[in-house]
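Please keep the viewer open as you read.

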Amino acid sequence: MNSFNRNEVERIFSSAPFTADMGLELVAIEAGECRSRLVLASRHLQQDGFVHFGVQATLADHTAGAAGASMAKPGQIVLTSDFSLKLLRSARGTRLECIATVLKAGSSLTVVESEVFCGIDEDMRLVSKATVTLAVVSPRDAADTRPV
């Protein structure tokens with residue numbers, strides 16, 4: 001498959017204030033795969049000095065969304081509908097890296113696997129793994145005009 005929705009992947013990384021505030025960076029995209037990186041700071045750690053579950057979850061989810069979006073048709077977006085993260089070992093290091101791969105791209109649901117690595121320089125270890133199911137929708141389907 002040679003073509004993919006590069007514009008939507010780039011939009012996902014350039015337009016999400018929360019992940020931008022975290023410092024999440026897009027590293028590479030291909031059809032059905034996305035790679036991201038997060039340089040760790042003290043704000044990403046929990047009380048015992050390990051990378052917080054929520055940081056790993058956000059990295060895995062956002063990168064999975066971008067991988068899924070790469071397979072969406074122009075004009076479609078993806079929204080997480082189910083998410084499961086397994087912590088495999090304590091995460092400590094200078095950065096996180098995530099590789100998200102589409103397992104099945106469908107017309108209404110897409111399933112993606114994210115692997116999160118943590119470490120220093122060339123010593124990166126798999127620390128968590130997520131399975132993410134994405135709903136494929138048009139933006140008008142996703143808009144909720146009800147007041148909060």
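The buried residues of α1 pack against β1 (25-30), β2 (33-39), α3 (53-69) and β3 (77-87), where contact means heavy atoms within 4.5 Å. Helices (H or I, at least four residues) and strands (E, at least two) are DSSP runs, numbered from the N terminus. This is a predicted model, in which local features need pLDDT of at least 70 and side-chain atom pairs count only at pLDDT 80 or more, while totals for chains, interfaces and linings use all residues. Residues are numbered from 1 along each chain as its sequence is written, and side-chain values use heavy atoms, with hydrogens and water left out.

Which residues of α1 (residues 6-14) are buried? They are Glu 8, Val 9, Ile 12 and Phe 13. These residues sit on the same side of α1 because they cover an arc of only 135 degrees around the axis, taken from the directions from the helix axis to the C-beta atoms. On the other side of α1, Asn 7 and Ser 14 are exposed. Buried means under 20% relative accessible area, exposed over 50%, and partly exposed in between (1.4 Å probe, protein chains only).

Now to the pocket. The lining of the largest pocket has 14 residues, with Ile 12, His 62, Gly 65, Val 78 and Leu 79 nearest its centre. The elements giving two or more residues to this lining are α1, α3 and β3. A pocket here is an open set of points on a 1 Å grid over the protein atoms alone, where a 1.4 Å probe fits, with protein on both sides within 12 Å along at least five of seven lines; lining residues have an atom within 4 Å of a point.

The largest nonpolar core holds 33 residues, and Val 51, Leu 96, Val 112, Val 116 and Cys 118 touch the most other members. With eight residues, α3 gives the most to this core. Such a core is a set of buried Ala, Val, Leu, Ile, Met, Phe, Trp, Tyr and Cys residues joined through side-chain atoms within 4.5 Å. Leaving out residues up to four places away in sequence, Val 51 touches, among others, Leu 40, Leu 96 and Cys 118.

Two single residues can be set side by side.

Most residues other than glycine have a negative phi.
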